[in-house]
Amino acid sequence: MKEYIKDDIKFDIKCTYIVKAAAVILMMVHHLFYCAPGLCEKYGVNGLLIPYNVVSRFGGAAKVCVSIFVFLTAYGMSETYGKINFSSDKRKAVKIPVFSIKRYTKLMMNFIVIYILTFLAYFLRGGGCGHIWTTKQYKRYMEYFY
């Protein structure tokens, strides 16, 4: 029985990227096909090969992509932390809070850059806050909650 188990099989970063690509495709399927009544009729999609109710169910199940991303991120962070702390060079050893703060800062810097670029692109295209705050939906929201 032991001969069938290989000890050198490792879920490395290349495998992680492949699974993340599959998760991105699942995310697209979820956003495109889950709870979108009338989408097939609007765009003339023919359900001859796969009926829409099957596609809709698959779209609902595709929201597992979030769990995949969370698992892969946690796995990657634990593997990276293990490589740093258990290396032969003890000068590279880092405490968990320092490691976590560095990872969080790196993540948030990317988020802030994208957020600012999106904000600037929205306003440069002629968008503004004026029409957002005077819509009927906002007034209804304010009346309902306040």
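**Notebook: contacts, helices, rings and surface**

I began with the contacts of the protein (heavy atoms within 4.5 Å): of those with a separation of 6 or more, 53% are between residues 24 or more positions apart. I note that this is a predicted model, in which local features need pLDDT of at least 70 and side-chain atom pairs count only at pLDDT 80 or more, while totals for chains, interfaces and linings use all residues. Residues are numbered from 1 along each chain as its sequence is written, and side-chain values use heavy atoms, with hydrogens and water left out.

**Entry: elements and surface**

I looked up the secondary structure and found six helices and zero strands. Helices (H or I, at least four residues) and strands (E, at least two) are DSSP runs, numbered from the N terminus. The order from the N terminus on is α-α-α-α-α-α.

I then took the accessible surface, by the Shrake-Rupley method with a 1.4 Å probe, where for residues only the protein chains shown count as cover. The protein has about 12,800 Å² of it, and carbon and sulfur atoms hold 69%. For single residues I use buried for under 20% relative accessible area, exposed for over 50% and partly exposed in between (1.4 Å probe, protein chains only). Of the 146 residues in the protein, 13% are buried.

I placed histidine 30 in helix H1 (residues 13–33). Histidine 30 counts as buried because its relative accessibility is 16%. Leaving aside residues up to four places away in sequence, I find histidine 30 touching Gly59, Gly60, Ala62 and Lys63.

Histidine 31 also lies in helix H1, but with a relative accessible area of 60% it is exposed.

**Entry: aromatic pairs**

I searched for ring pairs of Phe, Tyr and Trp (its six-membered ring), with centres within 6.5 Å; planes under 30 degrees apart count as stacked, over 60 as edge-to-face and the rest as tilted. The count is three aromatic pairs. Tyrosine 81 and phenylalanine 99 are a tilted pair, because their planes stand at 55°, with ring centres 5.2 Å apart. This pair links distant parts of the chain, with tyrosine 81 in helix H4 (residues 65–85) and phenylalanine 99 in helix H5, 18 residues apart. Both tyrosine 81 and phenylalanine 99 are buried.

Phenylalanine 111 and tyrosine 115 make a stacked pair, at 5.9 Å centre to centre and 25° between the planes. The two are four residues apart in helix H5, so about one helical turn separates them. Phenylalanine 111 is partly exposed at 47% relative accessible area, and tyrosine 115 is exposed at 52%.

**Entry: a nonpolar patch**

Which residues form a nonpolar patch on the surface? I list Met109, Phe111, Ile112, Tyr115, Ile116, Phe119, Leu120, Tyr122, Phe123 and Leu124, with about 1,000 Å² of accessible area together. Patches are made of residues with over 30% relative accessible area and no salt bridge; like charges are joined within 9 Å, nonpolar side chains (Val, Leu, Ile, Met, Phe, Trp, Tyr) within 5 Å. A salt bridge is a side-chain nitrogen of Lys or Arg within 4 Å of a carboxyl oxygen of Asp or Glu. Methionine 109 sits in helix H5 (residues 96–124) and is partly exposed, with 47% relative accessibility.

**Entry: cysteines**

I looked for disulfides (pairs of cysteine sulfur atoms within 2.5 Å) and found zero. Cysteine 15 is partly exposed at 28% relative accessibility, whereas cysteine 65 is buried at 3%.
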